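Student: I have a structure here that I have not seen before. Can we go through it step by step?

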Amino acid sequence: MIAFINTDLDLGKRPIFRNLNLTIQPGELVYIVGRSGSGKTTLLKSLYMEVKPSKGEVIVNGLSSRGVRRRKIAMLRRKLGIVFQDFRLLEDRNVYDNLAFVLKVTGTKHSLIKEKVLTALKEVGLENSAKEMVENLSGGEQQRVAIARALVGNPIAIIADEPTGNLDPETSLEILEYLKKINDSGISVIIGTHDYELVRHHPSRTLMISDMNLVECTIEPAPTGTCWRPVPKATAKAS
Ligand SMILES: Nc1ncnc2c1ncn2[C@@H]1O[C@H](COP(=O)(O)OP(=O)(O)OP(=O)(O)O)[C@@H](O)[C@H]1O
Ligand SMILES: [Mg+2]
């Protein structure tokens, strides 16, 4: 479970969120949408406690940001699978090694590593690509490796910041389908995105950043009819 309680988030002196109150239940698929610079990345970073509240708290899987020690944050991050727009893979290693690396640093028994890596690769349809060098893969394939890497440690949640930002529309949809499948297996998935087309394809709880807060919204056609836009469901703040 994720909870923000009267939370202020700032970057340096810049206020990004004010008095945020929000709960995300285990197993939810949640989109965070909002204009560039509105704070999507900041919000996601606060979930893995790279950004800490200046007021209030964020609680993730029972761990409060209040006075939390670095060791506890490291333990929390092991339970979260994080996916970035730019993949952040070890490009000079093969696919297998990228996943095995995560398991090695978290002290997984050597005898279990191979099975866990191959299971995660299978989830994204890359079980036959274990020996491929990452630098030779397409963007979509690299993002699938990144998703498998996020999955390999059996996370409670996947946090994805613009996971389709560098991909064409068709590949983006494919990536979203993998994330949806992961969510169907019971893992929470939280996606920061401005790709409204994608949200339309797989509608789920959508939170729009507005006035340094989050509001529940739906994605609807803009009045011009040429694009989509988030429209608040009600004026009440998300809770
Ligand atoms: N280290 C920092 N110090 C001060 N301000 C920052 C810092 N990092 C980001 N910002 C500012 O904070 C605001 C929120 O940034 P954030 O990256 O969370 O937005 P975003 O919604 O993810 O944007 P994008 O869609 O472009 O990725 C932006 O105005 C940004 O310029
Ligand atoms: Mg961002």
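Student: How many helices and strands does the protein chain have?

Tutor: The protein chain has seven helices and eleven strands. Helices (H or I, at least four residues) and strands (E, at least two) are DSSP runs, numbered from the N terminus. The radius of gyration is 18 Å, close to the 18 Å that the globule rule gives for 239 residues, so the chain is as compact as a globular protein of that length. That radius is taken over C-alpha atoms, and the rule is 2.2 Å times the number of residues to the power 0.38.

Student: Where do these numbers come from?

Tutor: This is a predicted model, in which local features need pLDDT of at least 70 and side-chain atom pairs count only at pLDDT 80 or more, while totals for chains, interfaces and linings use all residues. Residues are numbered from 1 along each chain as its sequence is written, chains are lettered from A and ligands numbered from 1 in the order in which they are written, and side-chain values use heavy atoms, with hydrogens and water left out.

Student: What share of the residues is buried?

Tutor: Buried residues make up 49% of the 239. Buried means under 20% relative accessible area, exposed over 50%, and partly exposed in between (1.4 Å probe, protein chains only).

Student: And what about contacts? What part of them joins residues 24 or more positions apart?

Tutor: Among contacts with a separation of 6 or more, 64% are between residues 24 or more positions apart. Contact means heavy atoms within 4.5 Å.

Student: Let's pick a residue. Is S46 buried or exposed?

Tutor: S46 counts as buried, at 0% relative accessibility. S46 lies in helix α1, residues 40-47. Apart from neighbours within four places in sequence, S46 is in contact with F4, L9, V51 and V58.

Student: Now the sheets. Which strands form the open one with β1?

Tutor: Four strands make up that open sheet, in the order β2-β1-β4-β5, and the pairing is antiparallel. β2 (14-24) and β5 (63-64) stand at the edges with a single partner strand each, so one side of each is left without a neighbour in the sheet. Two strands pair if DSSP finds at least two bridges between them.

Student: How many bridges join β1 and β4?

Tutor: Five, with β1 covering residues 2-11. D8 has K55 in β4 as its bridge partner.

Student: What about β9? Which strands does β9 pair with?

Tutor: β3 (residues 29-33) pairs with β9 in the parallel sense over four bridges, and Y31 stands opposite T206 in β9. β9 also pairs with β10 (residues 213-221), in the antiparallel sense over four bridges. There, M208 has V215 in β10 as its bridge partner.

Student: What sits between β9 and β10?

Tutor: The two strands form a hairpin with two residues between them, and D211 in the turn has a positive phi of about 50°.
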